[in-house]
Amino acid sequence: MRPPGRWLTAALCCGLFLFVLCGCATREGPRRPALGPAAWEREVRRLELDPAEVVYPLSCTEEMRDAARRAAGGGSPLQQLRQLQDYLFDPSRFRFDYDVRRTYTAAEAFEAKSGNCVSFTSLFIALARSIRIPVQAALLVLPENVEREEDLVVVRSHIVAVHPHAEGRQVFDFYRLREDRGPRLVMIDDLAVYAVYL
């Protein structure tokens, strides 16, 4: 699948920035957090884009589903997610290597066993959803990470996976942090994940 043109990349990234600035993404969560492949295609068509040119960053292969089932084991959804994260960091079973320069979709990250926080988060979300545990993405936006580069305002942020549960929500990220990060955490939907991926 070839990536979209520069105009689409710029438009989606600007859209995400406005989305976050305008408060459409709130601590409570976006209106349509998880789309799934069929809903993804419908939403992309609704935006008058060609689904063949807009990759679904959270797609999951059968091999990934099998790995998720084995890794998650039994227990509560929260226990299964912790076991899934342990699997991704266990060099004898998977070993995910951090590489800041590599942004992959979930399937690409599973194959490469490496990537940045976007890659890890996409992979974790895809694996969790494949075993029917609701997980969505969130941005950790830090005010000190806003810079000016010539005529552009660049906002650097960190993306994590979040699982809502009865007592609140649990954060899963590449740094193995599992606590709720408070008001700096901005929940985003799958389309926003794509914009971050770009």
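Me: Which residue's charged end sits over the ring of F110?

Reply: K113. This is a predicted model, so the values are computed from it. The charged end of K113 lies 5.4 Å from the centre of the F110 ring.

Me: Which aromatic residue pairs with F110, and how are the planes set?

Reply: For a ring pair, read the distance between centres and then the angle between planes. F94 is the partner of F110. Their centres are 5.5 Å apart, with 35° between the planes, and the pair is tilted.

Me: Why does the pair tie together parts that are apart in sequence?

Reply: Locate each ring in its element. F94 is in the loop between α4 (77–89) and β1 (97–98), whereas F110 is in helix α5 (residues 106–112), so the pair joins parts 16 residues apart in sequence. As for burial, F94 and F110 are both buried.

Me: How many aromatic pairs does the structure hold?

Reply: There are 9. One of them joins Y87 and F94, tilted, at 5.3 Å centre to centre and 45° between the planes. Y87 is buried, as is F94. Ring pairs also link F89, F96, F120, F124 and F172 into a cluster.

Me: Which residues touch the most other members of the largest nonpolar core?

Reply: Start with the general idea. Nonpolar side chains tend to be buried together in soluble globular proteins. Here the largest nonpolar core has 49 residues, and L123 and F124 touch the most other members. The elements giving two or more residues to this core are α2, α3, α4, α5, α6 (117–130), β3 (136–149), β4 (152–165) and α7 (190–197). The most comes from α6, with 9 residues.

Me: What does L123 touch, beyond residues up to four places away in sequence?

Reply: Its contacts are M64, L88, F94, F96, A106, A109 and F110. A second core, separate and of 6 residues, includes A138, V160, V171 and L185.

Me: Is Y56 buried or exposed?

Reply: Compare its relative accessibility with the cut-off. Buried means under 20%. Y56 is at 10%, so it counts as buried. Y56 is in the loop between α2 (36–46) and α3 (62–72).

Me: What does Y56 touch, leaving out residues up to four places away in sequence?

Reply: Y56 touches L35, G36, P37, W40, R129 and D190. The Y56 side chain reaches the backbone nitrogen of G36 at 3.3 Å. The C-alpha atoms of Y56 and L191 are 8.8 Å apart, although these residues are separated by 135 residues along the chain.

Note on methods: Residues are numbered from 1 along each chain as its sequence is written. This is a predicted model: local features need pLDDT of at least 70, side-chain atom pairs count only at pLDDT 80 or more; totals for chains, interfaces and linings use all residues. Side-chain values use heavy atoms; hydrogens and water are left out. Helices (H or I, at least four residues) and strands (E, at least two) are DSSP runs, numbered from the N terminus. Buried means under 20% relative accessible area, exposed over 50%, partly exposed in between (1.4 Å probe, protein chains only). Contact means heavy atoms within 4.5 Å. A polar contact is a pair of N or O atoms within 3.5 Å; within protein, one must be able to donate a hydrogen and the other to accept it, and residues adjacent in sequence count only if both atoms are side-chain atoms. Rings of Phe, Tyr and Trp (its six-membered ring) pair if their centres lie within 6.5 Å; planes under 30 degrees apart count as stacked, over 60 as edge-to-face and the rest as tilted. A charge sits over a ring if NZ of Lys or CZ of Arg is within 6 Å of the ring centre and within 35 degrees of the ring normal. A nonpolar core is a set of buried Ala, Val, Leu, Ile, Met, Phe, Trp, Tyr and Cys residues joined through side-chain atoms within 4.5 Å.
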